[in-house]
Structure formats: structure tokens, C-alpha cells
Amino acid sequence: AGAEVAASAADLNRSIGDGRTAVLLGCEGGDFLEGDLGRLEQVRAAGLTVLTLVHYRVGDIGDVQTEKPVHDGLSRFGREVVAECNRLGIVVDCAHASFATTMAVLEASSQAVIISHGQLGHDHGDDHPRLMTAGHAAAVAQAGGLTGGWPCGFTSRSMDDFGAEILRLAEATGP
């Protein structure tokens, strides 16, 4: 479609200045690393700019929101992955990460992190485990990061619902 892959902030700014669409390459889940930090350098060279550390299952990086914890947050290897992402200029994404994993990432990272897609629960105690608490999203914001909304069926059944959820997310993360 004529979009260019933006592999740096300069690439992204150039695309914006030229009025062109840019694509950021990301990977949802670091399972492909299989314990090998060198693979991060390979994918960065191929244009990867965002890595969601965990996705839908507990792996060797850290715990996910939807499964019983194994690492009590971020594993030792997960800390190495965060450090290597920081070194290589890969944005660390905590979508799907448990609160404990996210807090450990915030402690380990020298750069701001994101939650690329998430949604707040309603504190009813019966929410889906994929939903975050306001404290989860706020911790990322307070560390200079950002959280993107996700129009999930658990909280949003219409665009009006999704708009209301975005406002709740904005309120939870502050100005």
C-alpha cells in the first residue's frame, strides 16, 4: 500500500513530515527468542521496533495475566531481554503481562515502556483476567509510558462503549 517501515524515530518523523503512512513492526510475544538474546539483534536489524514480552502463555520471559504465575513476574531471562531491548532501541510492550511482570519491567527498564493494547476492569471481582486495574495502567503512565485502548468484548459492545472505556483509561493514567 506504499507504506514504509519506520525503524527509528527519524524514519517516523520523516514519514509524518512527508504525509506518508509508516508501519512499525512489532512482535506479540518473545517466545521466538527461545533463550537466545542474539535473536533480538537479528529482528531489530530486520526492522522490529516493538516487542510484546509475553502473549497468552507463560514462557521463559515472564508471567501473563491469564495464567497462574510461574516467575512471580519477570524472569531473570526476562530482565536480560528488557536490558537488550533498551540497548537496541526496541520498545518494550507489557500488553498481556501480569501486574507483577509489568512492575518488574518498569524497575528493570531504563526506557519508558508501553501497554500497546489493554482495557480496564470494573473492580467487580468477576472481570476477565485479561483486564487491567487502574493501578496497572497508572504505573506505566507514571514511569513515562503509555497505554493504548483495546475494544474488547468484555467491556465494549459498541463504539460508544469503547469511547467510554478510553475516557476511563485516560482518567486512570492522568494527564
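**View 1. Helices α4 and α5.** The crossing of α4 and α5 is left-handed (the near helix is turned anticlockwise from the far one by less than a right angle; clockwise would be right-handed). This is a predicted model, in which local features need pLDDT of at least 70 and side-chain atom pairs count only at pLDDT 80 or more, while totals for chains, interfaces and linings use all residues. Residues are numbered from 1 along each chain as its sequence is written, and side-chain values use heavy atoms, with hydrogens and water left out. Helix α4 spans residues 99-108 and helix α5 residues 134-142 (helices are DSSP runs of H or I, at least four residues; strands are runs of E, at least two). The two pack at an angle of about 10 degrees, their axes 10 Å apart (axes are fitted to C-alpha atoms over the stretch in contact; angles run from 0 to 180 degrees between N-to-C directions). α4 is therefore roughly parallel to α5 (under 35 degrees; over 145 is roughly antiparallel, 65 to 115 roughly perpendicular, the rest oblique). F99, T102, M103 and L106 of α4 make the contact with G135, H136, A139 and V140 of α5 (heavy atoms within 4.5 Å). By class, this contact has five nonpolar, three polar and no charged residues (Ala, Val, Leu, Ile, Met, Phe, Trp, Tyr, Cys and Pro are nonpolar, Asp, Glu, Lys and Arg charged, the others, Gly among them, polar).

**View 2. Helices α3 and α4.** α3 packs on α4 at an angle of about 45 degrees, with the axes 10 Å apart. α3 is therefore oblique to α4. Their crossing is right-handed. From α3, the contact takes in R79, V82 and N86; from α4, A104, V105, E107 and A108. Four nonpolar, one polar and two charged residues make up this contact.

**View 3. Helices α2 and α3.** Helix α2 (residues 38-45) and α3 pack at about 30 degrees, with axes 10 Å apart. α2 passes α3 in a right-handed crossing. In α2, L40, E41 and R44 meet V81, E84, C85, R87 and L88 of α3. The contact has four nonpolar, no polar and four charged residues.

**View 4. The largest pocket.** The lining of the largest pocket has 12 nonpolar, five polar and one charged residues. At least two lining residues come from each of α1 (9-18), β4 (48-52), α3 (76-88) and β5 (91-93).
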